[in-house]
Amino acid sequence: MNLTNTQFVFDSKTKSVLIGGMVLGALCLLLTFIGDDEFHTRFWTNYLHNTVFFTGMAFTSMFFLSAQITAFAGWNSLVKRVWESMSQFMLVGLVLVAVLVIGVWGHFHHLYHWNTPGITDPANPIYDRIIAGKSGFLNASWYTLGTLGFLGVWLFWAYNLRKASVAQDTEETPSFAYYKKQRKWAASFLPLGGFLSTVFIWQSVMSIDPHWYSTMFAWYSMISMWLGGLSMTVMLIIYLKSLGYLEYVTRDHLHDIGKYVFGISVFWTYLWFDQFMLIWYANNGEETIYFRERMDHYPILFWGNLLLNFVTPFLILMRNDTKRKFGTMFFVALIVFFGHWWDYFYMIKPGARIAAHEAKEISEGKVKQRPATSIEKGIPAETMAPTEEHSTDSTGMAAHPAETAEPAAHQEASHEAAPAETHAAPHGATAEAPHEGGAHGEAAHGEGEGHDAEKGYRAGFTLPGFLELGTMIGFLSLFLFFFFNKLSSASLVPWKDPYLDESLHHETGTLISTEIEENHGHDDHH
Amino acid sequence: MATESKKVLYGLYNDEEDLKGAVKAANAAHLDIMDVYTPFPVHGLDPILGLNESRLHYLGFIYGAIGASFGFLTMTWVFTRDWPIVFGGKPYWSVPAFIPITFEMTVLFAAWGMTITFYTICGMWPGVKAKTLDNRITDDKFCLAFDVTSSTDNDVDQLKGFFTQSQAAEVNVKTI
């Protein structure tokens, strides 16, 4: 085969630019740390945000590649090395996550309210029965296993898959031993990646709001990472082409990746909306508060998320010719990449702000001892009042929770004399939650005066500030540095891949008038 | 959608590459191709036939937009004007609850609209008689057809010579 420029060279100029980016990122992290609150909430949330997002991109590259190998896909053979190299970033991710894990054990950060000492102890004034009920899962050991442990497992698989793939170039046997090896690593990775990723994301991101839970969350956030990885792939391919590499990757390949970006963006919207609608419809106080908080106090984050991640890719990529133009695809990929980074910002910041507020109240001793309710006295949780009863009483709670929910709860508490002891506590709690402005109304501490003052604009929380962008550039540079380094260590073309020929002749069969004219002009020229 | 019958001279090829070669040769000889028939979509055939990009998807978008508006406005009208009912304590105009129906209507209108448009353009409606040249063109043969209704015998002989040259496996005449 006669392919040119098949060996990527990581030149010193690119290296210095990326090192510059990393220095900028480190500087931004340092500046964030210095000008931060006493718990360094902004610093730690930025760190967590970028760690999870960039590691997640590496993970989804591996997952996507594995799915393609398992499905006997052929078109992607020429782009394979890009995904293989991206997936190796999990090694750096392991180190980054280790810092978070050490922070959990050593209580260096207050990202996770469930990690507050004494919160699961009924005798302690800060006792939180909901967190206590979840403490079998929300604890430091599980956190270590769910983030560091599972990431290590994935890295092991990604490492071995790439090893088999690179060795294939030189050592492939006539019986395709190395190809079969890749198939085994890829197929076994799918259940590992699919199931373990849910735990990873529950532990690292969802547990920031420890009272809240959503069964759609793992799907939704993993798809978000996948789109981050896909848009990154598009940008990297176009960049590599501009350097003269990957000439044989045509717009037909780009078209197929573009279809993924389009389709998965719609799927992301589907999951985002499902999560929202189920919670909106069921109207359980402890679930609804998650969205109330974000819609009331972070409207730009909330609606911007939909604009960046749904409206833009949907309208631009709907036409088939836009997916075949390098300029348009780069532009959309950039928006989608930033959009999903924004999405993680939206998931992490509001909850972490509440956690920090609570940590502050605890440290200032503002926590009032609440009289023990019947639940703490040992009455099982099943005797709690069903929530339907509550929501039928409060008409239009979703629209006006603060006004309507409270009287409803009072009414019930006074009407039902006998069961009031068991019912009043959870009802009162859920009803007060919106009033207090946090999901933590159920928590043992008392009325949160001054909560509303805490909800105003704050750079780095309400919207990403310059320090956030700088930090993102730093992490991006780190990611790219590692990626280019890995990419340069093997040929860009998997020479012995059984699907190489198919990939070289890949065409989508799309008929675009302007392209036909272009091609004709091209033919005449020769 | 032509109703008069046509006399068609067609050649059958065993391979799509043979067919593509024959189409190119016919273009070079300035022969007027009526149509080609293949058992599956052959990549790269459309441009050499000089076909243009389909405009069906523009209509698809319009149908979809009509469906979306129809779904959303119907739900709005029903639940705010015609028959307001309180569901689960929600406001009458509950946008999130309308989204699934809006989505379904978009898909329904786009799918049906495009199907009906496509069938109409192709002249396919219930009871229409299939004008098939050869049953094997839905199986393993690739067909290139010329309209010879008003051609002279000399023209037909010339076309037959073309088929022999381009290695057609079989050449037939049929009136459809």
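Predicted model: local features only at pLDDT ≥ 70, side-chain atom pairs only at ≥ 80, totals over all residues.

Now think about contacts between residues at least 6 apart in the sequence of chain A: 80% of them join residues at least 24 apart.

**Stop 1: H1 and H16**

Select residues 12-34 of chain A, which make up helix H1, together with residues 466-487, helix H16. Two packed helices are described by the angle between their axes and the distance between the axes. For this pair, the angle is about 145 degrees and the axes are 7 Å apart. The crossing of H1(A) and H16(A) is left-handed.

Show side chains and look at where the pair meets. On the H1(A) side you'll find, among others, A:Leu18, A:Gly21, A:Met22, A:Gly25 and A:Leu29. From H16(A), the residues in the contact include A:Gly470, A:Ile473, A:Gly474, A:Ser477 and A:Phe481.

**Stop 2: H2 and H7**

Next, pick residues 41-70 (helix H2) and 177-204 (helix H7), both in chain A. Their axes lie 8 Å apart, at an angle of about 150 degrees. H2(A) and H7(A) also cross in a left-handed way. Residues making the contact include A:Phe59, A:Met62, A:Phe63 and A:Ser66 from H2(A), with A:Arg183, A:Ala186, A:Phe189 and A:Leu190 among those from H7(A). Here the tally is 10 nonpolar, six polar and one charged.

**Stop 3**

Follow the chain to A:His211, in the loop between H7 and helix H8 (217-242) of chain A. Is A:His211 buried or exposed? It counts as buried, because it has 23 C-beta neighbours inside 10 Å.

**Stop 3: into H8**

Move on to A:Thr233, which sits in helix H8 of chain A. With 23 C-beta neighbours inside 10 Å, A:Thr233 counts as buried. Leaving out residues up to four places away in sequence, A:Thr233 touches A:Val82, A:Trp83 and A:Ile257. A:Pro464 is 231 residues from A:Thr233 in sequence and 24 Å from it in space, C-alpha to C-alpha.

**Stop 4: the cores**

Now select A:Ile237, A:Val261 and A:Phe479: they have the most contacts inside the largest nonpolar core, a set of 118 residues. Which helix gives the most to this core? That's helix H12 (residues 326-363) of chain A, with 17 residues. Zoom in on A:Val261, and its contacts beyond four places in sequence include A:Leu227, A:Val234, A:Pro313, A:Leu317 and A:Val336. There is also a second, separate core of 19 residues, and B:Val8, B:Ala22, B:Val36 and B:Cys143 are among its members.

**Stop 5: chain B**

Finish on chain B, colouring it by domain. Domain 1 takes in residues 7-52 and 127-175, while domain 2 covers 56-121. How far apart are the C-alpha centres of the two domains of chain B? They lie 44 Å apart.

Methods: Residues numbered from 1 in each chain as written. Chains lettered and ligands numbered in written order. Domains from an automatic or database assignment. Contact = placed C-beta atoms within 7 Å. Axes fitted to C-alpha atoms, helices over the stretch in contact; angles between N-to-C directions. Helix = DSSP H or I, 4+ residues; strand = E, 2+ residues; numbered from the N terminus. Left-handed = near helix turned anticlockwise from the far one by under 90°. Nonpolar A, V, L, I, M, F, W, Y, C, P; charged D, E, K, R; others polar. Core = buried A, V, L, I, M, F, W, Y, C linked by C-beta atoms within 7 Å. Buried ≥ 20, exposed ≤ 12 C-beta atoms within 10 Å, placed from the backbone.
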